[in-house]
Amino acid sequence: MIDPVLIDRLRGDLSAARFGDEALTALWGTDAAAALRRGQRVPALRALRAADPLSVLAQFLMLGVAVPRHELAAALPSLGVDGAIALGLAEAEAHLVVPLLELRQHSFVDSHGVGAWWIVSDLGETATGGPLREDHVLGVGGASSTLSALMIPLPVDTALDLGTGCGIQALHASRHARRVVATDISERALDLARLNAALNGVTNIEFRLGSLFEPVAGERFDHIVSNPPFVITPRLGDVPVYEYRDGGMVGDELVEAVIRGAAGHLTVGGVAQLLGNWEYRGNTSAFERITGWLDAPPEAEPLDAWIIEREVQDAALYAETWIRDGGTTPGRKFDDLLDVWLDDFATRDVRSVGFGYVTLRRPASAPTLHRLERLSGPLGHNPTGLGAHLADCLAAHDWQSTLTSDDFGRARLIVAGDVTEERHYWPGAVDPTVMTLRQGGGFGRSVPLGTALAAFVGACDGDLSVAAIVAALADLLDADERALRAELDPRIRDLAATGFLAP
């Protein structure tokens, strides 16, 4: 049971010490801050000399350093050392107080504005100097930040954070959902997630213990978000199984289970968003397997689906990445783990592993969206994240997909404000050899242009309809208007659905 009085005291002490990203960066400098992001704490420790409250809290809460009892008492005057122990942040050891948890500020910008939360999690290997414990509760990592930036921010009544961990996605969802349910298979994770919600004054989250959709059986939600434990980990040998990343299933079955289970827990129009890994087996594309996951059983509703693969790693590199993530450094133990990992992949003929974003939606009638694509390039400029762009793209898809050819022909389009066109010429040439349309925001897409499509986009200023522009181009290019319209229509619709053009 979390003591609200102690939480209030901790919040007050953190505020009084200005414990946050801005003050800490000013304290130890940008170089040390960058080193911390790389997992190196020495530069920050060297910059901390004084025993002022901010320096003491930085050492104790962020860097995992035991501090003298009297220094921590001065840095936490309202909470006190006993209060820190009662909240599980510390334990006493002679005249020192030893940190048991990490506390950092998570700053962000989303569609609702600028925000910051204090997030409690387990000490990482930067602080412990060794491999993580298997029930480790991760703080805000790269995957967490990726998912929160993808989160569609439209107001909804109910949201579900499946596999909440430290609670960060539930906190983000609480900004646009009236009520949030956060689940996890780890009681320890739920305890820290409750602590984080209380510390940041967020009261609309309900926490439930259980695996996958079991804690919400029979319930439906307007928005489901999940950063599931999708890492593909061998179920062989002496391989550590970390609760925060390993789902306890073979291969990519955990991601498959989340995708297949989403249909039964979405309201009409409801959206599920998750991150995932998927295996490339033999000569089969992972997208072929994912398409099978999207096939709904007879009792479930088929879903709209938009899958974006961002990266593919060969099997050996994938294994090396996640062995290091657990805190195991190269050596005999590392080699043994790598051998087991590759043995596991060999049992399923896994050649490589993909990583990406999954967006699912329960349509009011038949699905109209089935988009599986690979976008490995750099993202565009999205100050508030990709969520608003995803929402706009879904709305644009719905708009154009309901229009007949004649209705679409009557539409008037404009070029989005972040779109530019590149043209490349051979020296001395009058006509360009390469034309490319580029998106400044969103996914930073690049679309090759032919003469007709380039001319069409250039004419999209809202004055003429799609049909009128195509008719003018057919006359200019001495082309058959009906054939030109048939050629351009799907490409124009796709430009609208991906944010290059808008009605």
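This is a predicted model: local features need pLDDT of at least 70, side-chain atom pairs count only at pLDDT 80 or more; totals for chains, interfaces and linings use all residues.
Trainee: At what angle do H17 and H18 cross?
Mentor: The axes of helix H17 (residues 451–458) and H18 come within 10 Å and cross at roughly 135°, where axes are lines fitted to C-alpha atoms, for helices over the stretch in contact, and angles run from 0 to 180 degrees between N-to-C directions. That makes H17 oblique to H18, given that angles under 35 degrees count as roughly parallel, over 145 as roughly antiparallel, 65 to 115 as roughly perpendicular and the rest as oblique. Helices (H or I, at least four residues) are DSSP runs, numbered from the N terminus.

Trainee: Which residues make that contact?
Mentor: Thr-451, Ala-452, Ala-455 and Phe-456 of H17 touch Val-466, Ile-469, Val-470, Leu-473 and Leu-477 of H18, contact meaning heavy atoms within 4.5 Å. Eight of these residues are nonpolar, one is polar and none is charged; Ala, Val, Leu, Ile, Met, Phe, Trp, Tyr, Cys and Pro count as nonpolar, Asp, Glu, Lys and Arg as charged, and the others, Gly among them, as polar.

Trainee: And which residues of H18 meet H19?
Mentor: From H18 there are Val-466, Ala-467, Val-470, Ala-471, Leu-473 and Ala-474, which meet Glu-481, Leu-484, Arg-485, Leu-488 and Ile-492 in H19. By class, that contact has nine nonpolar, no polar and two charged residues. The axes of H18 (residues 466–477) and H19 (residues 481–497) come within 10 Å and cross at roughly 130°.

Trainee: Switching topic, how many cavities turn up?
Mentor: The whole structure has three cavities of 30 Å³ or more, a cavity being a set of points on a 1 Å grid over the protein atoms alone where a 1.4 Å probe fits but cannot get out, with lining residues having an atom within 4 Å of a point.

Trainee: What lines the second largest cavity?
Mentor: Its lining consists of Val-239, Pro-240, Tyr-242, Arg-245, Trp-322, Ile-323, Gly-326, Thr-328, Leu-337 and Trp-341. Helix H13 (315–325) and helix H14 (332–347) are the elements that give two or more residues to that lining, and by class the lining residues are seven nonpolar, two polar and one charged.

Note on methods: Residues are numbered from 1 along each chain as its sequence is written. Side-chain values use heavy atoms; hydrogens and water are left out. On a 1 Å grid over the protein atoms alone, a cavity is a set of points where a 1.4 Å probe fits but cannot get out, and a pocket is an open set with protein on both sides within 12 Å along at least five of seven lines; lining residues have an atom within 4 Å of a point. Grid points are joined across faces, edges and corners, and a volume is the space filled by probe spheres set on the points.
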